[in-house]
Amino acid sequence: MELTLNNGVTMPALGLGVFQSAPEQTTAAVQSALAAGYRHIDTAAAYGNEREVGEGIRTSGLDRAGVFIETKVWVSDYGFDETLHAWDKAVGKLGVDYLDLLILHQPAPDRFEKTIAAYKALETLLADGRVRAIGVSNFMPHHLKRLLAETDIIPAVNQIELHPYFTQPDVETIDGEHGILNQAWSPIGGITFYPGWGGQDRRNVMQDPAIAAVAHSHRKTPAQVMLRWHLQQGRSAIPKSTNPERIAENFDVFDFELSAAELAAIDALDTGERNGPDPDEARPERFAMVIPEA
Ligand code: NDP
């Protein structure tokens, strides 16, 4: 299933995410995904595995052009020249000569002028044909409004935390008004259950009884139901797994259809509470993370 971005470029709606995929597991995960039919991989400079993503693609037997490669610029590389150079680092590690989609990983709320300069570098990379589409991630409505006012090219994509427990309808509305595609991170709710984040009282969306009931009636798994819910609502989703069976399971979502009532029942699970980092929190320590050269 392909989605058409606001500049006419097409992108497979479902991609493989590789956040927290250890470098030594990433090549095999990408190979499994491409063998299962995925044609879109979402990585990031900050994940430390762009090299292994490139290796997985190169060894898959597929043409470079047959795989949609998305990566992200980390905040410590924001600024016009810095972000141009971030492209060099990314393509060097991935072993490619262009990117399909390059996005800013998150706004830097305390240094927004650097965020704007970084985005202007993305515009230059786009004009030069070094990327096919550009976008942002974790941009809230007020970040988008400021970006749109100060730059020329509307982002193609906004990648945000989006799963049944946190749907961010305000962001989806403004994205929709500007033709920006919503892409769900933690689409099957990883941030609601993987270790290392959140308090003890967090609820695991994978164990939600309403989702289990829908899954049972379609003989599908909760992960498959959540992915179908994204796709039927026009979103891109990038579930992460390093397990070959779960990678295949997450792509096996094109043979069933959720009813309007089922979609609405899942929509109704929204708690309005973010599980991941607040994009308005400055967190200056992020700037200490240096992205290595290729
Ligand atoms: P996901 O919602 O994709 O969930 C991943 C977790 O679910 C992992 O623990 C995985 O474990 C497990 N899992 C995968 N498939 C299944 C399944 N079928 N059944 C049960 N468990 C399953 O969370 P992520 O946070 O990883 O989000 C996906 C991607 O989004 C990331 O990999 C990254 O590319 C992107 N992302 C972007 C962010 C941003 O700030 N822009 C922030 C966070 C993520 P296992 O590997 O063992 O299968």
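How many nonpolar, polar and charged residues does the lining of the second largest pocket have, by class? The answer is given in the legend to View D, with 2 nonpolar, 4 polar and 5 charged residues.

The structure is a predicted model, in which local features need pLDDT of at least 70 and side-chain atom pairs count only at pLDDT 80 or more, whereas totals for chains, interfaces and linings use all residues. Residues are numbered from 1 along each chain as its sequence is written, and side-chain values use heavy atoms, with hydrogens and water left out.

View A. An N or O atom in the side chain of Asp42 lies 2.6 Å from a ligand oxygen atom. For Ser186, a polar side-chain atom is 2.7 Å from an oxygen atom of the ligand. Gly189 contributes a polar backbone atom, 3.2 Å from a ligand oxygen atom. The protein buries 88% of the 900 Å² that the ligand exposes when taken alone (accessible areas by the Shrake-Rupley method with a 1.4 Å probe).

**View B. The largest pocket and its ligand.** The ligand sits in the largest pocket, meaning that more than half of its atoms lie within 2 Å of the grid points. Pockets and cavities are found on a 1 Å grid over the protein atoms alone: a cavity is a set of points where a 1.4 Å probe fits but cannot get out, a pocket is an open set with protein on both sides within 12 Å along at least five of seven lines, and lining residues have an atom within 4 Å of a point. The volume of the largest pocket is about 1,000 Å³. Its lining comprises 44 residues, with Phe19, Gln20, Trp185, Ser186 and Tyr194 nearest the centre.

**View C. The largest cavity.** The structure holds 1 cavity of 30 Å³ or more, and the largest cavity contains about 60 Å³ of space. Among the residues lining this cavity are Glu50, Lys72, Trp74, Asp77, Trp87 and Lys89. Helix 3 gives the most to the lining, with 4 residues. The lining divides into 8 nonpolar, no polar and 4 charged residues.

**View D. The second largest pocket.** This pocket has a volume of about 220 Å³. Its lining includes Tyr165, Trp197, Asp201, Arg202, Arg203, Glu273 and Arg274. By class, the lining has 2 nonpolar, 4 polar and 5 charged residues.

Note on methods: Polar contact = N/O pair within 3.5 Å; in protein donor to acceptor, adjacent residues only side chain to side chain. Points joined across faces, edges and corners; volume = space filled by probe spheres on them. Helix = DSSP H or I, 4+ residues; strand = E, 2+ residues; numbered from the N terminus. Nonpolar A, V, L, I, M, F, W, Y, C, P; charged D, E, K, R; others polar.
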